Amino acid sequence: MSRLSNARSELERFEQTKPADYQSKYKGQIDNVMGKLDDLGGYDYDPAADTAYQQYKSEYTQKAKLANQNAQASASALTGGYGSSYGTQAGQKAYAATMSDLDTMLDSLTSQSRSEYNTKKSGLQQELNGLQEAEQNDYNKYQKDLSNWYNDLSYRQNEYNNAYAQRQQNVSSTLNGLFSVLGIAAQILPFFFI
């Protein structure tokens with residue numbers, strides 16, 4: 001087999017080994033985590049939708065009513081069993097103090113909810129960053145492999161071009177030699193017929 005045939009065969013064989021187009025292994029996971037982040041939205045706490053808050057509200061409201069009744073009863077006992085504005089005020093203060101504890105509980109539940117939201121969001125962002133980094137590493141490796149393939153292809157194309165150029169030069173040299181011989185023969189041939 002000639003150098004040109006070998007170079008052509010090697011080039012054709014190598015062209016079949018081109019890496020396939022890049023396919024992400026992480027796209028589905030990245031899309032899933034991004035969807036979770038989108039669904040998470042901005043922080044929003046709704047006490048009406050929080051069953052823990054509703055239980056505390058019911059409990060504290062009941063305690064506040066009892067505190068109101070006890071304060072009014074105590075004030076009534078001090079006045080000989082008669083209701084008074086003092087008793088009403090004492091009851092209202094006891095009710096307000098107990099309900100103030102509910103506000104403190106609401107602040108605590110809101111803070112806990114915000115903390116859980118931030119932890120969840122941070123976890124999703126870290127997961128997304130890890131997936132995106134892995135995706136970038138895979139893509140960089142693909143680009144490097146593809147670049148190496150093109151470099152190898154270029155080498156094989158140069159080998160083929162060099163073999164073709166050498167063959168052309170050999171053919172040209174052979175033809176030049178043949179034409180030289182024919183030229184000399186054409187000059188000598190008339191002497192044979194004299």
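## Asparagine 68

Asparagine 68 counts as buried because its relative accessibility is 18%, where buried means under 20% relative accessible area, exposed over 50% and partly exposed in between, with a 1.4 Å probe and protein chains only. The model is a predicted one, in which local features need pLDDT of at least 70 and side-chain atom pairs count only at pLDDT 80 or more, while totals for chains, interfaces and linings use all residues. Residues are numbered from 1 along each chain as its sequence is written, and side-chain values use heavy atoms, with hydrogens and water left out.

Leaving aside neighbours within four places in sequence, asparagine 68 is in contact (heavy atoms within 4.5 Å) with Gly91, Gln92, Ala94 and Tyr95.

## Helix H3

Asparagine 68 lies in helix H3, and helices here are DSSP runs of H or I with at least four residues, strands being runs of E with at least two, numbered from the N terminus. The buried residues of H3 include Tyr53, Tyr60, Ala64 and Ala71.

## The whole protein

The protein has 4 helices and 0 strands, and 21% of its 194 residues count as buried. Its C-alpha trace spans about 170 × 25 × 15 Å along the principal axes. Among contacts between residues at least 6 apart in sequence, 86% join residues at least 24 apart.
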